[in-house]
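Welcome! Keep the structure open beside you and try each exercise before you read its solution.

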Amino acid sequence: MNWITNYVRPRINSIFSRRETPENLWQKCDECGSMLFHRELSDNLNVCTNCGHHMAISPRARFGALFDGGVFAEVAVPEPVADPLHFRDQKKYPDRMKAAQKATGEKEAMLVATGEMGRTPIVAAAQDFSFMGGSMGMYVGNAIIAAAQQAVKLKRPLILFSAAGGARMQEGILSLMQMPRTTVAVQMLKEAGLPYIVVLTHPTTGGVTASYAMLGDVHIAEPGALICFAGPRVIEQTIRETLPDGFQRAEYLLDHGMLDRVTPRMQLRDELIAITRMLLGLAPPVKGDLPAPDKTEAAAADPGKAPGPADKPAGDAGENTPK
Amino acid sequence: MTHYLDFEKPLAEIEGKAEELRALARGNAEMDVSDAARALDAKAAALLDDLYKSLTPWRKCQVARHPERPHCRDYIEALFTEFTPLAGDRNFADDHAVMGGLARFDDRPVVVIGHEKGSDTKSRIERNFGMARPEGYRKAIRLMQLADRFNLPVVTLVDTPGAYPGKGAEERGQSEAIARSTETCLRIGVPLVSVIVGEGGSGGAVAFATANRVAMLEHAVYSVITPEGCASILWKDAEKMREAAEAMRLTAQELKKLDVIDAIIPEPRGGAHRDPGAAIAAVGKSIAAMLKDLDGKSRAQLVKDRRAKFLDMGSKGLAA
Ligand SMILES: [Zn+2]
């Protein structure tokens, strides 16, 4: 019922040919085991229509749902030195990178974009768990810095969707150094007086949690997301006891004061619009889906590339607005 | 009683023999073993030089974790005067894995903060083996803010296996505490210098070492995860820690090439544990040099330089 999947993803003509997801008729929910009609699932932003389990969603699909009319312009991320440590485990790092690029059709584990969300101009960044576990290396650091710089330049809030198993092991100490680097990026936003909203999605763990993901003005998590520094298995091995049910899940963190809210994905956009507009002192939002702005970000950023269509049917996102 | 590391076994034999000879001679006045014992000493010294001249990354991890290596407390006692510990995070507890307080360094008042691992079973347990809980980072944040308000330089001594993977630590917001500590390091308008004296383990280390100047002892290590942890993730076998240590570039020498650290502090022959006094003195000299280097910089300049340093980090990688 949702409009997003019916529309062209903008900027798909990147240097990597994006492989179309095979249109499987059915997909199984990894939580309740229900067989879900693929189309129905993507209309519901990959949230199980039976049990409400939140499955992974790609940054592009997320941005498609987040930005008005699904239109956004990608922010260029400075290219870091490839394989800075000449890292070899059982595979070479460059080979792992190539495999991840082929599997995802993406260049790296974070996508940064500008656009409008409920007619509110924003910068957004989303981490891609399907790309080497969303791991944080130099590229992800550069992406967050680029996102913050763009936000400061355009005087817009930054909304960041985190998802990562932690540091990019193959970049060793340089992955660790993304903790201070991304923290500088957050400081740029704060000093410019711009809202920085973090949406923690499943999973957000390790050094990512211990840096930019925990420094937001507002922390919102998706239901059931695992959010931690040390993972549950490591803890169980250390303390030799079984952890309580729901330990380190979003709801548990909410109870322990680490989050402001836990919000289902289908309600997230409206909530983000409401919060950013209040923080920015803007008028109340227009409810529901909005068409792409007349002069689209994508067109403005790169006139050679066609943005997604601007027209769209009335969606049902408005029905999810908490009343 | 010297604690020998596995690769020091041949050394243990030679030193053991020299010791035996001397013990024998003590019981027998007519025996003259001095030449033989001296020859063994020379052999041991040569072997020690040889072993430590080219330690593999994994061996460096072992040296960095050596139980007799000088720890934060030893450095504070020897290098600082009037050390006045300040305790607590004003919220939940005082974390004994983190030492901190006011002190004088070369008569100059400073705030000193560091991880303390403990030196015997009792103190190791009390110090939680140098693994801080959220309260440790929050105490450090408080002390850094105190230093900032009163314009005192901050000296941090890093020696931790990493943050404590415990239930309570997670519940009380370990991630947030580490993030805030790193953030505070980047915010304060006073000189911040850091020395990695043993293990620089992951986020627990970064939380203190996001400094204007970072020095590292010759055989210290600094990494995103322990080699055992890395091996179990990437090799699916924790026993591959030698390979992991190699791949991770966690030695002072490689980190200097990457510009992650600014200086390497030489260790005495056979590592800091063989001559703690010499190691401590060398660290003292390095702290003095780093502080001097930052003298006269304005508050704004200190913050700007620190941020620029970390933003630039990693821009060149290791030379091909
Ligand atoms: Zn389900």
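**Before you start**

This is a predicted model, in which local features need pLDDT of at least 70 and side-chain atom pairs count only at pLDDT 80 or more, while totals for chains, interfaces and linings use all residues. Residues are numbered from 1 along each chain as its sequence is written, and chains are lettered from A and ligands numbered from 1 in the order in which they are written.

**Exercise 1. Describe the overall build of chain B.**

Step 1: Begin with the elements. Chain B has 14 helices and 8 strands; helices (H or I, at least four residues) and strands (E, at least two) are DSSP runs, numbered from the N terminus.

Step 2: Look at the outline. Along the principal axes, the C-alpha atoms of chain B fill a box of roughly 70 × 50 × 40 Å.

Step 3: Turn to the domains. Chain B is assigned domain 1 (6-54) and domain 2 (61-312), with bounds that come from an automatic or database domain assignment. Taken over C-alpha atoms, the centres of these two domains of chain B are 36 Å apart.

**Exercise 2. Examine helix α13 of chain B.**

Step 1: Compare spans. The 19 residues of α13(B), 276-294, reach 27 Å from first C-alpha to last, close to the 27 Å expected at 1.5 Å a residue. The expected span is 1.5 Å times one less than the number of residues.

Step 2: List what is buried. These residues of α13(B) are B:Ala279, B:Ala282, B:Val283, B:Ser286, B:Ile287, B:Met290 and B:Leu291.

Step 3: See what they pack against. The elements are α4 (72-79), β2, β4, β5, β6 (213-217) and β8 (263-265) of chain B.

Step 4: Look past the end. B:Gly296 follows α13(B) and has a positive phi, near 85°.

**Exercise 3. Is A:Val199 buried or exposed?**

Step 1: Locate A:Val199 in strand β7 of chain A.

Step 2: Count neighbours. A:Val199 has 28 other C-beta atoms within 10 Å, so A:Val199 is buried.

Step 3: Name the contacts. Leaving aside neighbours within four places in sequence, A:Val199 is in contact with A:Ile159, A:Leu160, A:Phe161, A:Ile220 and A:Leu268. Contact means that the C-beta atoms of two residues, placed from the backbone, lie within 7 Å.

**Exercise 4. How many C-beta neighbours does B:Leu86 have inside 10 Å?**

Step 1: Find B:Leu86 in the loop between β1 (81-85) and β2 (98-105) of chain B.

Step 2: Count. B:Leu86 has 15 such neighbours, so B:Leu86 counts as partly exposed.

Step 3: Not counting residues up to four places away in sequence, B:Leu86 touches B:Gly100, B:Gly101, B:Leu102 and B:Leu143.

**Exercise 5. Describe where the two chains meet.**

Step 1: Count both sides. Chain B gives 42 residues to the contact and chain A gives 42 residues.

Step 2: Find the main contributor. On the side of chain B that touches chain A, α8(B) gives the largest share, 8 residues.

Step 3: Sort by type. This side of chain B has 23 nonpolar, 11 polar and 8 charged residues. Ala, Val, Leu, Ile, Met, Phe, Trp, Tyr, Cys and Pro count as nonpolar, Asp, Glu, Lys and Arg as charged, and the others, Gly among them, as polar.

Definitions and conventions:
Buried ≥ 20, exposed ≤ 12 C-beta atoms within 10 Å, placed from the backbone.
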